[in-house]
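Please read it alongside the sequence and the coordinates.

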Amino acid sequence: MTYALEANLICKNFLRKNKKPVKALQDVNLCIPKNTVYGLLGPNGSGKSTFIRIASTLLIPDSGELRILGRDVKTQSNDVKWLINRVSVEASFFRNLSAFENLLFSAGLYGIPRKSAIQRIFEITDRIGLDRKRLNERIRDYSRGMQQKVAIARALITQPPVLLLDEPTTGLDPRAKLEVQELIRIMRERLDVTIVLTTHDMAEAEKMCDKVAIIHNGKVVVDGDPDFLMEQLPQAEQKPTFEDVFLHFTGVDFSEAEKEIVA
Amino acid sequence: MREGFIHELRAGISFVNRNFNLTKRYWKWEVVFLLWTIANAVSIGFIGKWTGSFSNVEVNTDYITMYMLLGSILWGYLSVVFEVVSETVSWERWEDTIEYTFMAPVKRVTHLLSVCGYAALYALLRTVFILLVLTLFFDIQLVGANYGAAFLLLVIASFSFMGLGICAAVLPLISPEKGAQMVGIFSSILLMFSGVYYDIGILPTWMQFVAKGSPATYALRGIRNTILEGSSFWTQMDNIWPLVVMSFIFIPVGVILFSKAEAWAKKNGKLKRSG
């Protein structure tokens with residue numbers, strides 16, 4: 001069976017500025033089936049973004065193998081680039097260019113002819129509820145929620161079979177957060193796409209994901225269906241949350257794990 | 001996979017369009033830099049004129065003025081080509097778009113060469129404008145100038161500067177914090193060694209030796225000969241062949257170095273804005 005994403009024993013270490021080594025990922029194994037929303041769940045600094053960067057060909061793992069639809073990110077990175085797109089926590093646009101100019105630039109990099117690109121931009125922005133009139137405004141004048149919607153539009157223009165969403169709702173106000181979550185839900189329903197969603201928001205993971213993996217200190221602690229994971233808890237009758245699941249499998253309280261990283 | 005010449009061409013056009021849009025959106029900064037360059041060129045031209053008034057020896061003031069002005073104009077062109085190309089990475093780091101550009105399925109050579117194409121076009125338009133403004137300040141009469149030969153030399157010199165720019169663009173790629181400053185230092189060193197406002201014959205011997213490694217030395221000397229002396233293109237082979245050799249070396253070496261540095265940055269997590 002070809003998985004949308006298959007990771008075998010991925011390791012990645014970094015050197016901090018003080019030359020202290022950090023083990024960002026340690027022997028990570030994951031198999032993500034096609035057409036699912038797969039949640040990578042963990043506190044800040046747990047290794048989620050490092051994993052997404054490796055899957056995006058932006059980081060080379062120290063060891064191990066990561067395949068996107070059967071293609072290796074290290075040795076077939078050009079092939080992989082056609083199969084993925086990414087939305088990161090920062091919208092990352094040319095701030096003084098308009099949304100339209102930014103989207104047209106991205107489409108051009110993927111070789112989409114100008115006419116088709118314009119058509120796709122209008123189709124997608126209509127679908128995700130971006131006002132066409134505002135497309136010619138500079139991105140810097142957009143709210144964070146709007147910028148994130150444009151970031152999602154940028155990813156969708158290239159019609160990738162695998163979409164890597166790296167904390168797309170972090171830092172958004174509650175309304176924008178709900179809108180982006182709704183957008184992810186629509187993408188999942190209407191498009192033939194596998195979504196890898198990283199989040200440190202337990203409620204979001206619970207709401208959005210078909211399967212989840214909990215990642216802590218660079219290691220996948222547990223993975224599976226959310227319901228299955230919850231059933232593993234002894235106090236199942238109390239309708240456990242993902243916070244409970246995290247505590248059960250890591251032995252660490254989620255909010256404490258976040259604080260550890262901040263400290 | 002959907003690769004091929006047409007795809008690369010579309011991607012290349014996208015880079016050129018993006019740079020054009022950025023120049024358009026940052027037009028106030030463009031005006032500031034243009035005024036700064038013009039003020040510099042005019043000042044240098046007046047220094048040339050002034051030389052006749054403080055020497056007891058009779059000097060050809062017109063020749064010195066044109067010598068200085070040509071240095072200023074040509075350096076204006078070559079340094080802009082160099083800077084635009086070398087800022088490929090630092091600009092994207094500043095905008096925080098670098099990861100998206102490097103994630104796109106575009107050959108790095110397409111990326112870099114399209115930026116080079118834009119740099120040459122932008123620098124040329126800028127230089128023509130500066131030249132027009134300078135005619136308001138100075139009586140520029142170049143009856144015997146060989147403009148065709150000068151233009152050809154400028155084109156050849158552009159390639160070597162593009163190559164140097166690509167090599168310099170590697171610095172911000174491997175050092176997110178200090179790379180851009182290092183490019184600035186490199187540009188200043190080129191200015192000092194290449195005889196922009198003086199003949200390199202007046203430099204200490206060791207500096208003359210270093211100057212031989214700069215494409216600007218040959219470009220400036222060759223173009224001055226064709227403009228001020230009216231020399232033909234073919235008489236400038238001593239200046240042309242080093243430029244051709246440097247272009248053939250710097251561009252492929254730059255692209256290879258850039259690809260190696262990109263792989264290194266991906267290995268060490270240096271593509272992120274802050275590193």
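## Aromatic pairs in chain B

F233(B) has a relative accessible area of 15% and is therefore buried. W234(B), by contrast, counts as exposed, at 65% relative accessibility. The rings of F233(B) and W234(B) form an edge-to-face pair, with centres 5.1 Å apart and 85° between the planes. These values, like the others below, come from a predicted model.

Over all chains, the whole structure holds 16 aromatic pairs. One of them joins F102(B) and F258(B): the pair is tilted, at 6.3 Å centre to centre and 35° between the planes. F102(B) belongs to helix α5 (residues 98–103) of chain B and F258(B) to helix α11 (residues 237–268) of chain B, so this pair ties together parts that lie 156 residues apart in sequence. Both F102(B) and F258(B) are buried.

## An aromatic cluster and charges over rings

F94(A), F105(A) and F15(B) make up one aromatic cluster. Two arginines sit over rings. In chain A, R132(A) lies over the face of F122(A), 4.2 Å from the ring centre. In chain B, the charged end of R224(B) is placed over the ring of Y67(B), at 3.7 Å from its centre.

## The six-stranded sheet of chain A

Chain A has an open sheet of 6 strands in the order β6-β7-β8-β3-β9-β10, with mixed pairing. Which strands stand at the edges? They are β6 (84–87) and β10 (219–224) of chain A; each has a single partner strand, so one side of each is left without a neighbour in the sheet. From one strand to the next, the twist averages 15°.

Within this sheet, β3 (residues 37–41) and β9 (residues 211–216) of chain A pair in the parallel sense over 4 bridges. L41(A) stands opposite I214(A) in β9(A). Helix α5 (residues 144–157) of chain A packs on the sheet and touches β6 and β7 (162–166) of chain A; its direction makes about 175° with that of β6(A). Helix α6 (residues 174–190) of chain A lies across β3, β7 and β8 (194–199) of chain A and runs at about 155° to β8(A).

## The four-stranded sheet of chain A

Another open sheet in chain A is formed by 4 strands in the order β2-β1-β4-β5, with antiparallel pairing. Here β2 and β5 (71–72) of chain A stand at the edges with a single partner strand each, so each has one side without a neighbour in the sheet. Helix α1 (residues 48–55) of chain A packs on this sheet, touching β1, β2 and β4 (63–68) of chain A. The direction of helix α1 makes about 115° with that of β1(A).

Strand β1 (residues 5–15) and strand β2 (residues 21–32) of chain A run antiparallel and are joined by 8 bridges. I10(A) stands opposite V28(A) in β2(A), and the bridge partner of F14(A) in β2(A) is V22(A). The two strands β1(A) and β2(A) form a hairpin with 5 residues between them. In the turn, K19(A) has a positive phi of about 70°.

## Helix α11 of chain B

How does the span of α11(B) agree with its 32 residues? At 1.5 Å a residue, α11(B) should span 46 Å, and its end C-alpha atoms are 45 Å apart, which agrees. Just after α11(B), G269(B) takes a positive phi of about 65°.

L104(A) is placed in helix α3 (residues 99–109) of chain A. Its relative accessible area is 16%, so L104(A) is buried. Leaving aside neighbours within four places in sequence, L104(A) is in contact with R114(A), A117(A), I118(A), I121(A) and S14(B).

S72(B) has its place in helix α3 (residues 61–86) of chain B. At a relative accessible area of 8%, S72(B) is buried. Apart from neighbours within four places in sequence, the contacts of S72(B) are with A41(B), I44(B) and Y197(B).

Technical notes
Residues are numbered from 1 along each chain as its sequence is written. Chains are lettered from A and ligands numbered from 1 in the order in which they are written. This is a predicted model: local features need pLDDT of at least 70, side-chain atom pairs count only at pLDDT 80 or more; totals for chains, interfaces and linings use all residues. Side-chain values use heavy atoms; hydrogens and water are left out. Buried means under 20% relative accessible area, exposed over 50%, partly exposed in between (1.4 Å probe, protein chains only). Contact means heavy atoms within 4.5 Å. Rings of Phe, Tyr and Trp (its six-membered ring) pair if their centres lie within 6.5 Å; planes under 30 degrees apart count as stacked, over 60 as edge-to-face and the rest as tilted. A charge sits over a ring if NZ of Lys or CZ of Arg is within 6 Å of the ring centre and within 35 degrees of the ring normal. Two strands pair if DSSP finds at least two bridges between them. Axes are lines fitted to C-alpha atoms, for helices over the stretch in contact, and angles run from 0 to 180 degrees between N-to-C directions. The expected span of a helix is 1.5 Å times one less than its number of residues.
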